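Work through these exercises with the sequence and the structure open. Try each task before reading its solution.

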Amino acid sequence: MHAAKNEAEKVLDSFGSCEGALDVVNLAESQGAKVVFGALKDGISGAIIAEHGKKPVIYVEESDSPGRQRFTIMHELGHLIERRANGDDEYSFVEKRGAKYDLHEFYADEFAGNVLMPESSFRRIYRGKGDELAAAAHFSVTPSAVLKRAERLGLV
C-alpha cells in the first residue's frame with residue numbers, strides 16, 4: 001500500500017498535481033503510455049499491454065462512464081508503474097469485472113486512488129461535503145471509487 005502511494009505521489013509531483021479532476025490521458029502519456037478508447041469484450045473495462053521495445057498501450061471501454069474511465073486509466077497506469085519498478089518491459093493485465101483480486105490488482109487500485117483522490121484533499125473534501133456523490137463530482141470519479149477510498153483510509 002505504501003509503495004503505491006509513494007509512486008502515485010511521484011507521478012503527481014512530476015506531472016504537477018492539481019486540485020480536483022486531473023487530465024488522466026495526458027498524465028498517462030507523460031509516463032510513456034498510449035491511451036486508446038474502444039469497444040472491449042463484455043465485462044472488460046480496461047487492459048494494458050506492454051511489449052518489448054514498444055510503448056505500453058492502455059485500452060479503455062468507451063461505453064463506461066467518464067468517472068469509470070478515469071479510474072481505469074489510472075488503474076492500468078498503476079500496473080505500468082509497478083512493472084516498471086520491477087524492471088519488466090513485457091506484460092499484460094486485463095480488468096475483468098468480478099475477476100480474481102490479487103496483489104497486482106490491489107497495487108493498481110491503490111495507485112489509482114492515490115492519484116485521483118490524494119489523501120489530504122480527499123479527507124478534506126469527503127468530510128466537508130459529507131457524501132459520496134459530492135466527493136465523486138469533485139474528483140470526477142464514481143461514487144463507488146469514493147466509498148472504497150474512504151474505506152481504505154478508515155473514514156467509514
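## Exercise 1: Ala 28

Ala 28 lies in helix H2 (residues 24-30). The model is a predicted one.

**Task.** Decide whether Ala 28 is buried or exposed, and find which residues Ala 28 is in contact with, leaving aside neighbours within four places in sequence.

**Solution.** 
1. Take the accessibility. The relative accessible area of Ala 28 is 0%.
2. Apply the cut-off. Buried means under 20%, so Ala 28 is buried.
3. List the contacts beyond four places in sequence. Ala 28 touches Ala 33, Val 35, Ile 58, Ile 73, Met 74 and Leu 77.
4. Check a distance. Gly 78 is 50 residues from Ala 28 along the chain, and their C-alpha atoms are separated by 9.7 Å.

## Exercise 2: The nonpolar core

**Task.** In the largest nonpolar core, find which residues touch the most other members. Then find which helix gives the largest share of this core.

**Solution.** 
1. Start from the general expectation. Nonpolar side chains in soluble globular proteins tend to be buried together.
2. The largest nonpolar core has 40 residues, and Met 74, Phe 111 and Phe 122 touch the most other members.
3. Assign the share. Helix H3 (residues 66-85) supplies six residues, the largest share of this core.
4. Leaving out residues up to four places away in sequence, Met 74 touches Val 24, Leu 27, Ala 28, Ala 108, Phe 111, Ala 112, Val 115 and Leu 116.

## Exercise 3: Aromatic rings

**Task.** How many aromatic pairs does a search of the whole structure find? Describe the pair formed by Phe 122 and Tyr 126.

**Solution.** 
1. Count. The search finds two aromatic pairs.
2. Take centres and planes. Phe 122 and Tyr 126 are 5.3 Å apart centre to centre, with 15° between the planes.
3. Classify. Planes under 30 degrees apart count as stacked, so the Phe 122 and Tyr 126 pair is stacked.
4. Phe 122 and Tyr 126 are separated by about one helical turn, because they are four residues apart in helix H5 (residues 119-129).
5. Check burial. Both Phe 122 and Tyr 126 are buried.
6. Ring pairs link Phe 122, Tyr 126 and Phe 139 into a cluster.

## Exercise 4: Ser 140

**Solution.** 
1. Recall the rule. Most residues other than glycine have a negative phi.
2. Compare. Ser 140 is not a glycine, yet has a positive phi of about 55°.
3. Locate. Ser 140 lies in the loop between helix H6 (132-139) and H7.
4. Relative accessibility is 27%, so Ser 140 counts as partly exposed.

Technical notes
Residues numbered from 1 in each chain as written. Predicted model: local features only at pLDDT ≥ 70, side-chain atom pairs only at ≥ 80, totals over all residues. Heavy atoms only, no water. Core = buried A, V, L, I, M, F, W, Y, C linked by side-chain atoms within 4.5 Å. Buried < 20%, exposed > 50% of the residue type's maximum accessible area, 1.4 Å probe, protein only. Helix = DSSP H or I, 4+ residues; strand = E, 2+ residues; numbered from the N terminus. Contact = heavy atoms within 4.5 Å. Phe/Tyr/Trp six-rings, centres within 6.5 Å; stacked < 30°, edge-to-face > 60°.
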